[in-house]
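These are reading notes for a colleague who has not seen this structure before. Please keep the sequence and the view open while going through the points.

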Amino acid sequence: MNGEQENLFDAALLKTFHIGDLVSWKKLGRVDKDYGFIQEIYSEKRGINRKFIFAKVIKTDGTYEPFNLSYLTKESIKN
């Protein structure tokens with residue numbers, strides 16, 4: 001993904017988020033955070049010639065969900 005970073009929306013987030021990081025997010029209208037671990041980081045084309053960065057997150061209930069990387073908050077890093 002390094003060669004494509006200049007074309008990615010929010011490419012700077014690739015320096016902050018890594019596979020294995022504990023992350024959190026809030027759903028609209030909820031006070032409590034949800035937590036999970038980043039399983040995979042990838043780019044995906046959305047719209048016309050615009051690539052966004054996504055993370056495949058394994059949630060605490062064991063299910064996976066894709067998130068736009070800018071939607072997540074980093075809580076800690078893997079050891």
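Predicted model: local features only at pLDDT ≥ 70, side-chain atom pairs only at ≥ 80, totals over all residues.

1. Salt bridges. The structure holds four salt bridges.

2. Asp-21 and Lys-74. A salt bridge joins Asp-21 to Lys-74, with 3.4 Å between the closest N and O atoms. Asp-21 belongs to the loop between strand 1 and strand 2 (22-25), while Lys-74 belongs to strand 6 (residues 73-76), so this contact ties together parts that are 53 residues apart in sequence. Asp-21 has a relative accessible area of 2% and is therefore buried, the limit being under 20%. Lys-74 is partly exposed, at 27% relative accessibility.

3. Lys-33 and Glu-75. Lys-33 is partly exposed at 38% relative accessibility, and Glu-75 is partly exposed with a relative accessible area of 33%.

4. Glu-65 and Lys-59. The side chains of Glu-65 and Lys-59 also meet in a salt bridge, at 2.9 Å from N to O. Glu-65 has a relative accessible area of 24% and counts as partly exposed.

5. Strand pairing. Which strands does strand 4 pair with in the antiparallel sense? One is strand 3 (residues 34-46), joined to strand 4 over ten bridges; within this pairing, Ile-41 has Ala-55 of strand 4 as its bridge partner. Another is strand 5 (residues 64-68), joined to strand 4 by five bridges; here the bridge partner of Phe-54 is Asn-68. Strand 4 (residues 50-59) also pairs with strand 1 (residues 8-9), in the parallel sense and over two bridges. In that pairing, Leu-8 has Lys-51 as its bridge partner.

6. Hairpins. Three residues lie between the strands in the hairpin of strand 3 and strand 4, where Gly-47 takes a positive phi near 70°. The hairpin of strand 4 and strand 5 has four residues between the strands, and there Gly-62 takes a positive phi near 90°.

7. Aromatic pairs. How many aromatic pairs are there? The count comes to three. In one of them, the ring centres of Tyr-42 and Phe-54 are 5.9 Å apart and the planes lie at 20°, so the pair is stacked, the limit for that being under 30 degrees. Tyr-42 is in strand 3 and Phe-54 in strand 4, so the pair ties together parts that are twelve residues apart in sequence. Phe-54 is buried, with a relative accessible area of 7%.

8. Phe-67 and Tyr-71 form a stacked aromatic pair, with 5.8 Å from centre to centre and 10° between the planes. Together with Trp-25, Phe-67 and Tyr-71 make up one aromatic cluster.

9. Charge over a ring. Lys-56 places its charged end over the ring of Tyr-64, at 4.7 Å from the ring centre.

Methods
Residues numbered from 1 in each chain as written. Heavy atoms only, no water. Pairing = 2+ DSSP bridges. Phe/Tyr/Trp six-rings, centres within 6.5 Å; stacked < 30°, edge-to-face > 60°. Buried < 20%, exposed > 50% of the residue type's maximum accessible area, 1.4 Å probe, protein only. Lys NZ or Arg CZ within 6 Å of the ring centre and 35° of its normal.
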